[in-house]
Amino acid sequence: MSGMRIKNHHRGKRVMLTVNGRPVAAYSGETLFAVLCTEGIVALRPASKKLTEAARGGFCGMGSAQECRVTIDGMPDRRACMTEVREGMEVVTDGR
Amino acid sequence: MDDRTVDVAIVGGGLAGAAAADVLGRHGASVLVLDDNLHPGGQYLRGGRQSGGSWSDRVRRRGLRLIEHLPQSSVEIASRAEVLGIEAGFKLMVARGNGELSTVTCKRILLATGARERFIPFKGWTLPGVMATGAFQILIKQSGILPAKETLVAGAGLFLTAVARDIQKSGGRVPAVLSESSFFQQVPPPSLLARQFAKFAQGGGMLGRLRLAGTAVRNGTRILEARGDDSLREVVAVRVDKKGKVIPDSETVYSAGSLAAGFGFTANVELAQLAGCGLAFTSQLGGWVVKVNEDLETSVDGIHAAGEITAIGGAAKSLTEGRLAGVGILRRMGLLAPDELKAEISALKEMRQRQMAFARYFNSQYMFPPEYLAGWIRSLPDDVSVCRCEEVSLGAIRRAVAEGYDTPAAIKKATRCGMGICQGSTCKTILLEVLSALTGKPLSHIPLPSVRMPIKPTYLGTLAGGVP
């Protein structure tokens with residue numbers, strides 16, 4: 001699964017962030033969850049209890065499922081769907 | 001945000017909250033809207049004017065205008081503000097996005113906390129690539145991004161068609177819409193058809209356009225399993241009969257990297273429950289909702305409620321109720337004479353009745369009769385996950401019920417179902433429905449698990465008074 005930007009959406013200014021050490025271009029106003037989708041990064045972390053090997057990805061998109069937790073600027077367990085991208089943001093995912 | 005004192009605190013900055021803030025602010029009340037999202041407007045107005053399309057949507061246009069023109073001298077909107085609890089005298093404990101904790105003191109509260117999606121689980125629903133229907137709409141509207149070029153849409157209810165159309169209009173392909181219920185399975189009563197003809201015509205039009213674009217629309221079809229290793233690869237669907245029984249040898253395998261799954265909605269009643277407001281389970285209203293009178297007052301003096309938490313009913317109903325609740329609060333505060341706005345109020349009340357009639361039909365498309373739902377849940381295999389956070393399977397709950405644990409509270413203790421980081425926001429309705437199916441008790445007789453402060457996941461640093 002790898003996403004795409006929709007044509008007739010008005011976008012903010014271009015920003016650069018890094019995801020797992022790799023530079024990624026995005027636009028202000030986009031959520032981190034959306035940007036990860038366009039990059040094809042769907043597996044974001046291991047399941048909390050690690051009873052199963054399967055990874056987890058974003059689910060509800062509205063901040064309640066807590067499934068899209070990633071590390072943002074060194075702070076763990078931040079919800080990607082509730083965070084807008086910023087210039088220089090450093091993101092680490094643990095979806096293996 | 002420093003500690004604040006206002007006349008009215010509104011929890012939720014969606015259409016209901018905004019409509020109430022507008023009328024309250026224009027009649028001299030000081031209002032603070034506490035909204036947990038990045039931007040006001042709730043789920044319906046996500047993306048604001050940045051979002052392309054949807055300009056034929058009259059409710060959306062009205063809502064955007066409303067929020068852009070809120071009276072600034074009397075109404076303040078606090079975004080990224082999560083209300084963690086309500087104390088007597090009305091003190092609200094609020095966590096801000098920057099990690100600060102503050103207190104808001106107010107005379108009256110309007111709860112307009114909206115709804116979230118309801119799920120009926122299937123094997124593999126925790127795989128990355130399986131997402132809620134609402135997540136697709138949010139990604140499209142707020143960020144202008146489609147998570148995949150091709151998306152399968154499945155579940156139950158009229159919302160599936162709308163999501164599939166949004167994906168299509170954004171340039172995505174929808175190979176199929178698989179729905180447990182049929183659009184016309186429960187034929188709407190003629191009086192409702194006549195009064196809400198535009199809505200049904202819109203629904204029919206959407207179906208037509210989906211089919212024209214090559215989308216297969218399959219009714220009476222259920223997701224059996226989502227398969228994949230690191231992420232979704234294929235979806236197995238089966239046909240079901242009118243009673244919800246799986247038809248043998250009816251499996252179809254769809255190759256899919258992206259699945260939008262939705263089974264209707266459930267109201268965010270937790271804060272109302274914490275405040276002691278009376279709740280009721282009414283299937284036609286979308287399950288557990290806050291009980292209100294026709295002026296949108298809850299059973300707790302000084303606490304009012306509007307929008308999805310009084311009945312799942314959509315954006316237009318939320319606008320109507322927000323305004324009605326606002327007027328009711330003004331009356332109680334003595335800021336409106338008894339005969340002021342009289343004609344408008346009776347018109348709003350009439351409109352609300354029409355919107356409630358449509359809500360009952362909408363909700364009947366995904367709530368299902370008790371025996372239908374119970375049979376469905378009993379047919380699910382043991383390895384279906386119920387609680388995503390704590391990885392509690394249906395089998396674990398079956399064993400606990402067999403050992404005599406038969407309330408949500410007891411099941412939580414026995415299995416940890418609902419005790420994870422999302423605090424049960426995803427699995428609570430599932431657990432209630434599973435318990436009803438396994439014990440044979442009606443859903444209205446299964447007590448909601450109790451809620452405690454903080455009602456939302458919070459960083460310890462915030463509670464300790466520091467910035468995490």
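I worked with a predicted model, where local features need pLDDT of at least 70, side-chain atom pairs count only at pLDDT 80 or more, and totals for chains, interfaces and linings use all residues. Residues are numbered from 1 along each chain as its sequence is written, while chains are lettered from A and ligands numbered from 1 in the order in which they are written.

Domains. I looked up how chain B is divided and found domain 1 (4–116 + 266–362), domain 2 (121–262) and domain 3 (370–445); the bounds come from an automatic or database domain assignment. I then found nine residues of domain 2 of chain B in contact with 11 residues of domain 3 of chain B (C-beta atoms, placed from the backbone, within 7 Å).

Chain contact. Next I found 44 residues of chain B in contact with 40 residues of chain A. On the chain B side, β7 (115–117), β8 (130–132), α3 (133–143) and β9 (145–146) each supply at least two residues. Helices (H or I, at least four residues) and strands (E, at least two) are DSSP runs, numbered from the N terminus. I noted that α3(B) gives the most to this side, with seven residues.

Strand pairing. Last, I looked up β9(B), which pairs with strand β1 (residues 4–5) of chain A in the antiparallel sense over two bridges; pairing requires that DSSP finds at least two bridges between the strands. I recorded Leu146(B) in β9(B) as the bridge partner of Met4(A).

Technical notes
Two residues are in contact if their C-beta atoms, placed from the backbone, lie within 7 Å.
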